[in-house]
2 protein chains.
Amino acid sequence: MSKAVVLVSGGMDSCVTAAMARTTHTPAFLHVSYGQRTERRERQAFEAIADFYGVRERLVVRFDHLAQIGGSALTDPSIPVPEDGAALLHARRETESAAAARIPVTYVPFRNAHLLAVAVSWAEVLGATAVYIGAVAEDSSGYPDCRPAFYQAFQQAVREGTKPETHIALLTPVIALRKSEIVRRGIELGAPLHLTWSCYQEEEVACGVCDSCRLRLRAFAEAGVRDPLTYRVPVAR
Amino acid sequence: MSKAVVLVSGGMDSCVTAAMARTTHTPAFLHVSYGQRTERRERQAFEAIADFYGVRERLVVRFDHLAQIGGSALTDPSIPVPEDGAALLHARRETESAAAARIPVTYVPFRNAHLLAVAVSWAEVLGATAVYIGAVAEDSSGYPDCRPAFYQAFQQAVREGTKPETHIALLTPVIALRKSEIVRRGIELGAPLHLTWSCYQEEEVACGVCDSCRLRLRAFAEAGVRDPLTYRVPVAR
């Protein structure tokens, strides 16, 4: 099997993406800490998932610049993480353009381009033939850098901006799935969902009220599966 | 005038690009140190150019990951910087595809995608309407991430991967120029070429024999202008 670089944040979507990737490729796991609030906990989840799968090739990268640039509740401590669930309602109820007009404050400007750039550089040096990223488009917060059109354009940039002998496919196997389908696929594949971390703001016990916790809890509820994590607030299971 | 983020490495091409950018935009200068051999000297050149133009908004970013990934003579000390001028001969004499098959070992895999990602994130937060980069395509070393097709694809990724209200034009005003024309344009615009640094391997006195020095010296010679820098080896002026 040829190698693939898999971006593993430590969350549920990237964990299931990794589970899918290893059915066809030898995975090399890449994790990026970018000054987000929960970077310690996410890195711990990354290492636990990599250990679970016995992944030998791992690269952990630390960015300072996204926190220097700011502009997001995840990287600027002065911008609170929303707890009212508004972003979810927007993402579900509105037309695409109206929802797009209200990008949540947890959007980290153009973040996924940075993650892909690292993945592609590493893939080029490793001779890997694919980069996997667990972006989710529809059933999520509406970040512009999670949409299929962004990955299509970036794929073309990879084709043009690397060596002629380099051929790297950008793969987003969960992009069109509902989050509940991601939970189900993860369980089918035996993915270690108990090792993942999704909360945007807590590192010990998940808050249960940030957008990321709400999306995760709804996904498990819809899938009819108990989320193995512990939450600070009482949550419907 | 609206703001533009200008990537300023400290070299001649980005200095002239900055001189062009400030005729139409208020420039915000961005510099990235990525573990390249001459990062201290390049940063010094960046600050000197920014001081020369009185640029107030400056961002200096430090990457560790490109050196972690390696794969280039610029970021891996075990790979020597070529001094034989072969890359220049290839870039000039061969057909595009044959030249492309011999990307120089100074190519840093997919580097310019990383630089653009930082520039775009910062531009989005600043509300800037343009990003300038001093890439040179034809009359240079043949790096794939310096070609117009790469910037066209990346422009599309910027369009798709940022907020709907964000509109950032990627501008490459020197991409099609010969290096000698860049020297002439710089002199016309009063650009501080004496403050720039191009050498790939030395930080005190330029070596005169790496590809970057050779390209620069040839450019000044063709332009009929004396290069204000001092070189270690005797050079034709």
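**Exercise 1. Describe how helix α8(A) passes α9(A), and list the residues through which they meet.**

Solution. In this predicted model, α8(A) passes α9(A) in a right-handed crossing. As a next step, consider the geometry: α8 of chain A spans residues 179–188 and α9 of chain A spans residues 211–223, and the two pack at an angle of about 65 degrees with their axes 7 Å apart. Because angles of 65 to 115 degrees count as roughly perpendicular, α8(A) is described as roughly perpendicular to α9(A).

Turning to the residues, α8(A) contributes A:Lys179, A:Ser180, A:Ile182, A:Val183 and A:Arg184, and these meet A:Leu215, A:Arg218, A:Ala219, A:Phe220, A:Glu222 and A:Ala223 of α9(A). Sorted by class, the contact of α8(A) with α9(A) comprises six nonpolar residues, one polar residue and four charged residues.

**Exercise 2. Work out how α1(A) is oriented relative to α8(A), and which residues make the contact.**

Solution. Begin with the axes: those of α1 (residues 12–21) of chain A and α8(A) come within 9 Å and cross at roughly 45 degrees. That angle makes α1(A) oblique to α8(A), and the crossing in which α1(A) passes α8(A) is left-handed.

Next, identify the partners. On the side of α1(A) they are A:Met12, A:Asp13, A:Cys15, A:Val16 and A:Ala19, while α8(A) supplies A:Ile182, A:Arg185 and A:Gly186. By class, this contact of α1(A) with α8(A) has five nonpolar, one polar and two charged residues.

**Exercise 3. Carry out the corresponding analysis for α1(B) and α8(B).**

Solution. In chain B, α1 (residues 12–21) and α8 (residues 179–188) pack at an angle of about 45 degrees, and their axes are 9 Å apart. It follows that α1(B) is oblique to α8(B), and α1(B) passes α8(B) in a left-handed crossing. The residues that meet are B:Met12, B:Asp13, B:Cys15, B:Val16 and B:Ala19 in α1(B), and B:Ile182, B:Arg185 and B:Gly186 in α8(B). The class count for this contact of α1(B) with α8(B) is five nonpolar, one polar and two charged residues.

**Exercise 4. Determine how chain B is related to chain A, and characterise the side of chain B that touches chain A.**

Solution. The same surface serves both copies, since 100% of the contact residues of chain B recur in chain A.

Second, count the residues: 39 residues of chain B are in contact with 39 residues of chain A. The elements of chain B that give two or more residues to this side are β3 (58–62), α3 (65–69), α6 (111–126) and α7 (148–161), and among these α6(B) gives the most, with ten residues. The residues of the side of chain B that touches chain A divide into 22 nonpolar, ten polar and seven charged.

**Exercise 5. State which confidence values accompany the model.**

Solution. For chain A, the mean pLDDT is 93, and 93% of its residues reach 70 or more. For the model, the scores are ipTM 0.94 and pTM 0.95. As a final caution, where pLDDT is low, the predicted coordinates should not be read in detail.

Notes
Residues numbered from 1 in each chain as written. Chains lettered and ligands numbered in written order. Predicted model: local features only at pLDDT ≥ 70, side-chain atom pairs only at ≥ 80, totals over all residues. Contact = placed C-beta atoms within 7 Å. Helix = DSSP H or I, 4+ residues; strand = E, 2+ residues; numbered from the N terminus. Nonpolar A, V, L, I, M, F, W, Y, C, P; charged D, E, K, R; others polar. Least-squares fit on C-alpha atoms with pLDDT ≥ 70 in both. Axes fitted to C-alpha atoms, helices over the stretch in contact; angles between N-to-C directions. Parallel < 35°, antiparallel > 145°, perpendicular 65-115°, else oblique. Left-handed = near helix turned anticlockwise from the far one by under 90°. pLDDT = per-residue confidence, 0-100.
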